[in-house]
Amino acid sequence: MANYNTPYDDSFRTLLTDCKRLIIPVVNEMFGEAYAGDEDVELFQNELFITEGREHKVITDSHFAIGGRERHYNIECQSSPDGSMIMRMFEYSSQIAVVNGVPTVTGFRFVFPHAGILYLRGTNYPDSYKVTLDVPGGGSAEYNMPIIKIGDYNVETVFQKKLWFLIPFLFFNYNLELIEGNEEQLNLLKTDYRRLWSRLDGLVETGELTEYEKCSIKAMCDKVARSLADKYISVSEGVNEIMGGIVLDYEAKRILQQGVQQGLQQGNVKAVCNMLRGNVEEAFIREMYPDEFEEGKKMYEDMLRSQDI
């Protein structure tokens, strides 16, 4: 069995793992659901075993449930046309149904996940694939596999529908061959992404995205763009500039440093409080923890008052 994993699959899985709530609007868009967006997203094991001559382990791009375990979803990210895609999707769905099968009084019940495909290149696909199952006894069952095509979306529609999860894949909509060596087109691409970064900053300011989510989106933008632009020299140089690897590193470090600093500060404040409780001289404590002394002293005094009560 061929290995279908690409940097784009990895980006999809990484963003789903790190920022799982961002998948909810994509589910609403793909399956016509109406989730509010604040439901819990539960991720499940995405390693499945498919039999083809012998057993093979494959990794699906996603297997998750929203707001409980009743409805399972499987969305696969596909970068290039592949005639075997429907077959593979059915295999994934079947294995998920087996894993989540439940016994009944008279036998066994297999519940298939809601399955859909995210196509990154091209728009020459139907809106959905129809899967028909002919079962023993002459009966049959049908269900649709909906399709999202990145080519049908742009920055405006993504922001309007809050499909921020799709932002890293919008780079597929650029004609890199046309941009290569064309300074005007390259500058337009740079401008587009600088505006995009600004809009993401705005979402953080309004509280719609967290700083971590924004940095994760930008990191996946960086990964997808670098992979696509690999064979285009001037585009690659432009990507290095607009994706701002140094800026991304700085932001990620800043988030980490802020967390560490807050933890250290809280620990130092508590240390001041404990030293005061142990009758250590205030001058000595102030010298050791000049920035945290007043807050630690207040914590100690509050503690004394609560004990008096």
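Helices here are DSSP runs of H or I with at least four residues, numbered from the N terminus. The model is predicted, so to speak of local features takes pLDDT of at least 70 and side-chain atom pairs count only at pLDDT 80 or more, while totals for chains, interfaces and linings use all residues. Residues are numbered from 1 along each chain as its sequence is written, and side-chain values use heavy atoms, leaving out hydrogens and water.

Let's start with helix α6, residues 183–206. In the lining of the second largest pocket, α6 gives the most, with five residues. A pocket is an open set of points on a 1 Å grid over the protein atoms alone, where a 1.4 Å probe fits, with protein on both sides within 12 Å along at least five of seven lines; lining residues have an atom within 4 Å of a point. This pocket has a volume of about 230 Å³, meaning the space filled by probe spheres set on the points. Among its lining residues are Tyr-153, Asp-192, Tyr-193 and Arg-199. Helix α4 (155–160) also supplies at least two residues of that lining.

Now follow α6 to its partner, helix α7 (residues 211–228): their axes come within 9 Å and cross at roughly 160°. Axes are lines fitted to C-alpha atoms over the stretch in contact, with angles from 0 to 180 degrees between N-to-C directions. The two helices are therefore roughly antiparallel, a label for angles over 145 degrees. Where do they meet? Trp-197, Leu-200, Asp-201 and Val-204 in α6 touch Glu-211, Lys-214, Ile-217, Lys-218 and Cys-221 in α7, contact being heavy atoms within 4.5 Å.

Terms used: Parallel < 35°, antiparallel > 145°, perpendicular 65-115°, else oblique.
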